[in-house]
Amino acid sequence: MARTYTAGEAARALGISLDTLRRWDRQGRIRVERDSANRRTVPAEEIDRLRGSEERALSARNRFRGIVREVKVEGLLAQVEIDVTEPARLVAVITRDAAEELGLRPGMPATAVVKATSAMVER
C-alpha cells in the first residue's frame, strides 16, 4: 500500500500551513484522499510532485530548507548563512503597470529581487 500523510504531516513536509493545504485542496491544486473518518490524507507521490517544480506558497510561513554554511557571532548577534537545498518558487505582487512595462508573460526568463526586513532560522 502506498504511503500517505495526514494533512498536518503533508503541510509540514511541504513547508506550508495547514490552512494553505486546505485552500489548495479546495482549489484543486493538491490531490487529497479521505480516510474513514473523512479526514484529509495526502499520498506520498503528491508530496513528491509538489516538492519538485509545482508552485509553493510563499509567505511569512515559508521555509527554505538548507545546510548551514557559516555562523558568525559578534556580540549579541549571530549571522547565519544557509545554502538552500530545495527547489522553490517565488511569488511577487507588483503593479499592473510594472508587469506591462516589463512585458511579462509565462515562459519567459525573469529575475526576482527580494528585499526583506528580516529572516528567521529554525532547526
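Is Glu45 buried, partly exposed or exposed? Glu45 is partly exposed, with a relative accessible area of 41%; buried means under 20% relative accessible area, exposed over 50%, and partly exposed in between (1.4 Å probe, protein chains only).

## Basis of the model

This is a predicted model, in which local features need pLDDT of at least 70 and side-chain atom pairs count only at pLDDT 80 or more, while totals for chains, interfaces and linings use all residues. Residues are numbered from 1 along each chain as its sequence is written, and side-chain values use heavy atoms, with hydrogens and water left out.

## Salt bridges around Arg31

The structure holds eight salt bridges, each being a side-chain nitrogen of Lys or Arg within 4 Å of a carboxyl oxygen of Asp or Glu. Glu45 forms one with Arg31, the closest N and O atoms being 3.3 Å apart. This pair links distant parts of the chain: Glu45 belongs to helix H3, and Arg31 to the loop between helix H2 (18–27) and E2, 14 residues apart. Helices (H or I, at least four residues) and strands (E, at least two) are DSSP runs, numbered from the N terminus.

Arg31 also forms a salt bridge with Glu33, with the closest N and O atoms 3.3 Å apart. Arg31 is partly exposed at 38% relative accessibility, and Glu33 is partly exposed at 35%.

## Glu46 in helix H3

Glu46 lies in helix H3 (residues 44–52) and counts as buried, at 5% relative accessibility. The Glu46 side chain reaches the backbone nitrogen of Arg31 at 2.7 Å and makes a polar contact with the side chain of Arg49 at 2.8 Å. A polar contact is a pair of N or O atoms within 3.5 Å; within protein, one must be able to donate a hydrogen and the other to accept it, and residues adjacent in sequence count only if both atoms are side-chain atoms.

## Three-stranded sheet

An open sheet of three strands has the order E1-E3-E2, with antiparallel pairing. Its edge strands, E1 (4–6) and E2 (33–34), each pair on one side only. Two strands pair if DSSP finds at least two bridges between them; three bridges join E1 to E3 (residues 40–43). Thr6 stands opposite Thr41 in E3.

## Helix H4

Glu100 and Arg96 meet in a salt bridge (2.9 Å, N to O). Both residues lie in helix H4 (residues 96–102), four residues apart, about one turn of the helix. Arg96 is exposed, with a relative accessible area of 66%.
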